[in-house]
Amino acid sequence: MPGGCSRGPAAGNGRLRLARLALVLLGWVSSSSPTSSASSSSSSAPFLASAVSAQPLLPGQCPALCECSEAARTVKCVNRNLTEVPTDLPPYVRNLFLTGNQLAVLPAGAFARVPPLAELAALNLSGSRLEEVQAGAFEHLPSLRQLDLSHNPLAVLSPFAFSGSNASVSAPSPLVELILNHIVPPEDERNNRSFEGMVVAALRAGGALHGLHRLELASNHFLYLPRDVLAQLPSLRHLDLSNNSLVSLTYVSFRNLTHLESLHLEDNALKVLHNGTLAELQGLPHVRVFLDNNPWVCDCHMADMVAWLKETEVVQGKYQLTCAFPEKMRNRVLLELNSADLDCDPILPPSLQTSYVFLGIVLALIGAIFLLVLYLNRKGIKKWMHNIRDACRDHMEGYHYRYEINADPRLTNLSSNSDV
């Protein structure tokens with residue numbers, strides 16, 4: 001029995017050696033027929049190529065000209081003069097920086113990948129010379145929460161840029177924070193279209209930004225805000241409209257922004273806030289309003305706003321708000337004004353001033369027409385005036401003759417005797 005047991009492992013080792021020898025012989029036979037091996041390798045090449053292309057990107061792979069950190073889930077392609085979004089972005093990316101490039105156009109499906117960029121949550125495209133963002137440019141990014149398009153001369157912003165190429169079918173955008181500061185294009189690139197209207201159309205299309213919490217639209221030279229610009233943003237909490245050229249908020253409604261916490265209106269051209277706007281702001285339970293550096297006009301139209309400022313607590317830094325016009329009121333603190341300080345000069349209200357100006361223009365036009373008619377009929381008028389002058393002269397001569405007779409007593413006695 002012990003001898004049998006010792007022979008077992010030796011026999012197993014012998015079988016292993018025979019198997020290895022057989023493999024070596026097979027390899028020598030295959031190498032001795034190069035034609036057959038070449039044909040077999042060429043036939044298998046397409047399959048191998050497709051297999052390699054179908055494999056997912058390696059977790060540690062990083063696009064050229066970019067810096068990647070798998071631990072931080074971050075990819076930075078900053079100031080690399082890229083003309084398009086890299087196609088070999090790693091699937092693990094959560095924070096993507098593409099700032100300071102030459103992208104120009106962001107086409108539909110610009111971030112569509114296989115496998116998808118399912119974890120991408122923060123995307124920064126600021127300062128990349130973007131001039132056009134097409135419909136569906138941010139599709140296939142199911143986790144996108146923050147998007148920064150600031151400092152790009154956007155001449156074309158598709159209404160469906162955030163809602164997908166087909167707004168009726170696409171799911172609402174997952175965006176929570178949208179930054180569109182300083183995106184106004186040069187004057188010669190606006191194509192005679194309303195820049196304000198273009199931006200508002202993208203914000204309203206399809207209700208895609210229903211869940212947006214932060215919206216920044218600073219430094220865009222907005223002169224006005226179109227009606228219902230905020231109608232499709234009921235979840236908004238932070239709205240930044242600072243450093244624009246807004247003259248009035250008359251047509252803007254804040255009524256549905258019940259979650260609004262901060263409203264930045266600094267550095268605009270606001271002259272006064274009217275009662276409708278004041279009432280809406282006062283009705284928002286959590287809002288803080290910033291109104292610094294606006295050219296407030298302290299006349300009789302400011303009375304309601306001054307009274308509101310004295311009562312409300314929603315305006316931050318209200319003790320620093322001062323008058324800019326008229327000259328006699330410059331630098332006066334709004335909260336220190338009373339009704340006697342707020343008068344309108346001239347006394348006439350603007351509506352009456354406008355009416356009187358219009359009436360003066362009409363009367364001047366009638367007078368000009370009358371003078372033109374007189375000039376065209378000057379000869380007939382001259383002859384008519386001569387006739388009147390002659391008639392008046394004959395009539396006056398008759399009166400003068402009778403007066404002489406009545407004034408001479410001799411002629412008077414003569415006439416009396418002749419009567420007898």
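1. Helices (H or I, at least four residues) and strands (E, at least two) are DSSP runs, numbered from the N terminus. This is a predicted model, in which local features need pLDDT of at least 70 and side-chain atom pairs count only at pLDDT 80 or more, while totals for chains, interfaces and linings use all residues. Residues are numbered from 1 along each chain as its sequence is written, and side-chain values use heavy atoms, with hydrogens and water left out.

2. Overall content. The protein has eight helices and 16 strands. It has 420 residues, of which 32% count as buried; buried means under 20% relative accessible area, exposed over 50%, and partly exposed in between (1.4 Å probe, protein chains only). Among contacts with a separation of 6 or more, 65% are between residues 24 or more positions apart, where contact means heavy atoms within 4.5 Å.

3. The eleven-stranded sheet. Strands of a sheet pair through backbone hydrogen bonds, either parallel or antiparallel. Here two strands are said to pair if DSSP finds at least two bridges between them. Eleven strands form an open sheet with mixed pairing, and their order is S1-S2-S3-S5-S7-S9-S10-S11-S12-S13-S15. At its edges are strand S1 (67–69) and strand S15 (315–316), each of which pairs on one side only. Within this sheet, strand S2 (residues 74–76) and strand S3 (residues 95–97) are parallel and share three bridges. Thr74 stands opposite Asn95 in S3.

4. The three-stranded sheet. An open sheet with parallel pairing has the order S4-S6-S8. Its edge strands, each pairing on one side only, are S4 (105–106) and S8 (156–157). S4 pairs with strand S6 (residues 132–133) in the parallel sense over two bridges, and Val105 is found opposite Glu132 in S6.

5. Helix H3. How many of the ten residues of helix H3 are buried? Seven are, so the helix (residues 195–204) is largely enclosed by the rest of the structure. The buried residues are Phe195, Glu196, Met198, Val199, Val200, Ala202 and Leu203. They pack against S8, strand S9 (177–179) and strand S10 (214–216). Just after H3, Gly206 has a positive phi of about 65°.

6. Helix H4. In H4 (residues 275–282), the buried residues are Thr277, Leu278, Glu280 and Leu281. Seen down the helix axis, they fall within an arc of 165°, so they line one face of H4; the arc is that of the directions from the helix axis to the C-beta atoms. These buried residues pack against strand S12 (262–264), strand S13 (288–290) and helix H5 (303–311).

7. Leu217. This residue sits in the loop between S10 and strand S11 (238–240). Is Leu217 buried or exposed? Leu217 is buried, with a relative accessible area of 4%. Leaving aside residues up to four places away in sequence, Leu217 touches Leu180, Asn181, Val199, Leu203, Phe222, Asp240, Leu241 and Asn244.

8. Rolling a probe the size of a water molecule over the atoms shows where empty space is left. On a 1 Å grid over the protein atoms alone, a cavity is a set of points where a 1.4 Å probe fits but cannot get out, and lining residues have an atom within 4 Å of a point. The structure holds two cavities of 30 Å³ or more.

9. Backbone points to check. Most residues other than glycine have a negative phi, and most peptide bonds are trans. Asn81, in the loop between S2 and S3, has a positive phi of about 60° although it is not a glycine. Asn81 counts as exposed, at 52% relative accessibility. Asp228 lies in the loop between S10 and S11, and its phi is also positive, near 60°. At 42% relative accessibility, Asp228 counts as partly exposed.

10. Cis peptide bonds. Val114 and Pro115 are joined by a cis peptide bond with omega of about -5°; Pro115 is in the loop between S4 and strand S5 (122–124). The bond from Phe325 to Pro326 is cis as well, with omega near -10°. Pro326 is in the loop between strand S16 (323–325) and helix H6 (350–376).

Methods:
1 Å grid on protein atoms, 1.4 Å probe; cavity = no way out; pocket = protein on both sides within 12 Å on 5 of 7 lines; lining within 4 Å. Points joined across faces, edges and corners; volume = space filled by probe spheres on them.
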